[in-house]
Amino acid sequence: MTILFLAASPMALLTLLIYLIVFLVIAGLLFWAVRALCGAFGIPQPIQTVITVVLVVICVVALLYFLLGNMPLH
């Protein structure tokens with residue numbers, strides 16, 4: 001994996017960093033909105049925990065797909 005980053009151009013790494021920051025901002029807003037809506041609708045704590053865990057899994061899978069989705073399989 002480090003060889004991949006060493007072979008990449010600095011501009012590509014900067015673009016990746018910008019995309020990563022945008023993804024993290026959107027994911028943070030999504031977490032905030034879900035937690036605010038759960039509190040507003042009075043959803044019980046165990047169900048809020050399940051919703052949060054599902055949201056974390058979806059965000060991790062989306063991030064891995066975004067970062068590793070275009071890599072060739074050798």
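**The contact between α2 and α3**

In this predicted model, the α2 side of the contact consists of L16, Y19, L20, F23, A27, L30, F31, V34, R35, C38 and G39. Facing them in α3 are Q48, I51, T52, L55, V56, C59, A62, L63, F66 and L67. Sorted by class, the contact holds 17 nonpolar, 3 polar and 1 charged residues.

How are the two helices oriented? Helix α2, residues 10-40, and helix α3, residues 45-68, pack at about 165 degrees, and their axes lie 11 Å apart. Angles over 145 degrees count as roughly antiparallel, and α2 and α3 are therefore roughly antiparallel to each other. The crossing of α2 past α3 is right-handed.

Let me turn to α2 itself. After α2 comes G42, with a positive phi near 70 degrees.

Finally, confidence. The chain has a mean pLDDT of 84, with 82% of its residues at 70 or more. Where pLDDT is low, predicted coordinates should not be read in detail.

Definitions and conventions:
Residues numbered from 1 in each chain as written. Predicted model: local features only at pLDDT ≥ 70, side-chain atom pairs only at ≥ 80, totals over all residues. Heavy atoms only, no water. Axes fitted to C-alpha atoms, helices over the stretch in contact; angles between N-to-C directions. Helix = DSSP H or I, 4+ residues; strand = E, 2+ residues; numbered from the N terminus. Parallel < 35°, antiparallel > 145°, perpendicular 65-115°, else oblique. Left-handed = near helix turned anticlockwise from the far one by under 90°. Contact = heavy atoms within 4.5 Å. Nonpolar A, V, L, I, M, F, W, Y, C, P; charged D, E, K, R; others polar. pLDDT = per-residue confidence, 0-100.
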